[in-house]
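Trainee: I would like to go through this model term by term. Please set each value against its cut-off.

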There are 2 protein chains.
Amino acid sequence: MSVATASPPLSIADAAQATGLTPHTLRYYERDGLMLEPIERASSGHRRYTEQDLGWIVMLTRLRGTGMPIREVRAYAELCRAGDGNEAQRLALLHAHRERVLAQLAAVQENLEAIEYKIGLYEGRVGSP
Amino acid sequence: MSVATASPPLSIADAAQATGLTPHTLRYYERDGLMLEPIERASSGHRRYTEQDLGWIVMLTRLRGTGMPIREVRAYAELCRAGDGNEAQRLALLHAHRERVLAQLAAVQENLEAIEYKIGLYEGRVGSP
DNA sequence: CCTTGACTTCGAGCCCACTCGAAGCACCAT
DNA sequence: ATGGTGCTTCGAGTGGGCTCGAAGTCAAGG
């Protein structure tokens with residue numbers, strides 16, 4: 001059994017620190033239905049982030065970081081929340097996202113090449129008298 | 001001499017068609033100082049886009065498509081407008097942009113890999129009973 | 001002549017994703 | 001007890017990048 005590391009829940013400030021988001025953003029995500037479930041509270045009412053919470057935040061940050069809109073992250077979260085039985089839907093959502101990201105990557109790379117060509121022109125011109 | 005293809009200037013609708021932007025966006029870009037110079041007008045006051053104009057629009061679309069903010073495109077346009085003598089500055093601007101784009105590409109690719117790993121998990125689970 | 005339709009300008013509106021501020025409560029150290 | 005810090009909620013504000021609508025003008029076709 002892995003009882004070794006039962007790390008204690010984190011305050012919102014620590015969770016922000018750990019995820020690279022701000023406390024404001026963490027609250028906003030929760031309000032907006034992006035979390036799998038409402039974050040647990042201490043008796044004081046303060047949020048307590050578990051390791052699972054952090055793991056999910058990392059995933060959603062990756063989704064956001066690849067350009068998935070908030071509303072689609074929410075849709076994905078809702079599927080996960082709904083429990084077993086909709087894995088195919090989740091998979092379809094992730095697949096569709098993957099295709100979009102690949103297309104986007106290809107487009108950016110093509111544009112970048114054209115820009116690098118332009119840079120080459122400038123370097124040629126700048127290097128010569 | 002290449003006198004062969006002296007293509008006539010285009011209406012804003014045709015230029016929009018040709019560049020994949022909307023007429024609204026083309027006017028907005030011009031208003032916002034993103035064009036190298038004000039677009040020529042027909043006697044009616046209607047814009048007439050030349051091939052040079054289209055070429056520049058393609059370039060600026062590539063800059064935008066790689067995430068360069070409007071204000072920086074404007075800065076680049078201003079440098080170009082200023083004429084010779086600031087090639088080093090333009091180059092520096094493009095170089096800086098290139099670095100940002102490469103960093104961004106790397107980040108997106110890393111995130112995408114993690115998402116693909118997740119997809120792999122779902123496919124494994126979905127494939128089995 | 002008169003309509004049609006593509007254009008013009010100007011300013012406002014919209015969407016997205018945060019980002020912030022105000023007012024209030026809870027705990028902890030002095 | 002008291003001040004400080006760190007949280008809470010709520011709602012409003014910001015910035016970027018378009019996007020749109022209204023009102024007017026012009027050239028061509030019927």
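Trainee: Why are α1(B) and α2(B) called roughly perpendicular to each other?

Mentor: The label covers angles of 65 to 115 degrees; under 35 is roughly parallel, over 145 roughly antiparallel, and the rest oblique. Helix α1 (residues 12–19) of chain B and helix α2 (residues 23–31) of chain B pack at about 95 degrees, with axes 8 Å apart. Therefore the two, α1(B) and α2(B), count as roughly perpendicular. Axes are lines fitted to C-alpha atoms, for helices over the stretch in contact, and angles run from 0 to 180 degrees between N-to-C directions. Helices are DSSP runs (H or I, at least four residues), numbered from the N terminus.

Trainee: Which residues make that contact?

Mentor: From α1(B) come Ile12(B), Ala13(B), Ala15(B), Ala16(B) and Thr19(B); from α2(B) come Pro23(B), Leu26(B) and Arg27(B). Contact means heavy atoms within 4.5 Å. By class, six residues are nonpolar, one polar and one charged. Ala, Val, Leu, Ile, Met, Phe, Trp, Tyr, Cys and Pro count as nonpolar, Asp, Glu, Lys and Arg as charged, and the others, Gly among them, as polar.

Trainee: What conventions apply here?

Mentor: This is a predicted model: local features need pLDDT of at least 70, side-chain atom pairs count only at pLDDT 80 or more, and totals for chains, interfaces and linings use all residues. Residues are numbered from 1 along each chain as its sequence is written, chains are lettered from A and ligands numbered from 1 in the order in which they are written, and side-chain values use heavy atoms, with hydrogens and water left out.

Trainee: Which residues come nearest to DNA strand D?

Mentor: There are 19 residues around DNA strand D, and Arg27(A), Arg47(A), Tyr29(B), Arg64(B) and Arg71(B) come nearest. A residue is near a strand if one of its heavy atoms lies within 4 Å of it. α2(B) gives the largest share of that surface, five residues. The classes are six nonpolar, six polar and seven charged.

Trainee: What makes Arg71(B) a polar contact of DNA strand D?

Mentor: A polar contact is a pair of N or O atoms within 3.5 Å; within protein, one must be able to donate a hydrogen and the other to accept it, and residues adjacent in sequence count only if both atoms are side-chain atoms. A polar side-chain atom of Arg71(B) lies 2.7 Å from a phosphate oxygen of DNA strand D. For Ser11(A) the distance to a phosphate oxygen is 3.4 Å.

Trainee: Which residues come nearest to DNA strand C?

Mentor: Of 20 residues around DNA strand C, the nearest are Tyr29(A), Arg64(A), Arg71(A), Arg27(B) and Arg47(B). Tyr29(A) places a side-chain N or O atom 3.0 Å from a phosphate oxygen of DNA strand C. A polar side-chain atom of Arg27(B) also lies 3.0 Å from a phosphate oxygen of DNA strand C. Here α2(A) supplies the largest share of the surface, five residues.

Trainee: How much area do chain B and chain A bury between them?

Mentor: About 3,000 Å², 73% of it on carbon and sulfur atoms. Buried area is the accessible area (1.4 Å probe) that two parts lose on being put together, summed over both. Arg62(B), Ile115(B) and Tyr122(B) supply 21% of the area chain B buries against chain A, more than any other three residues.
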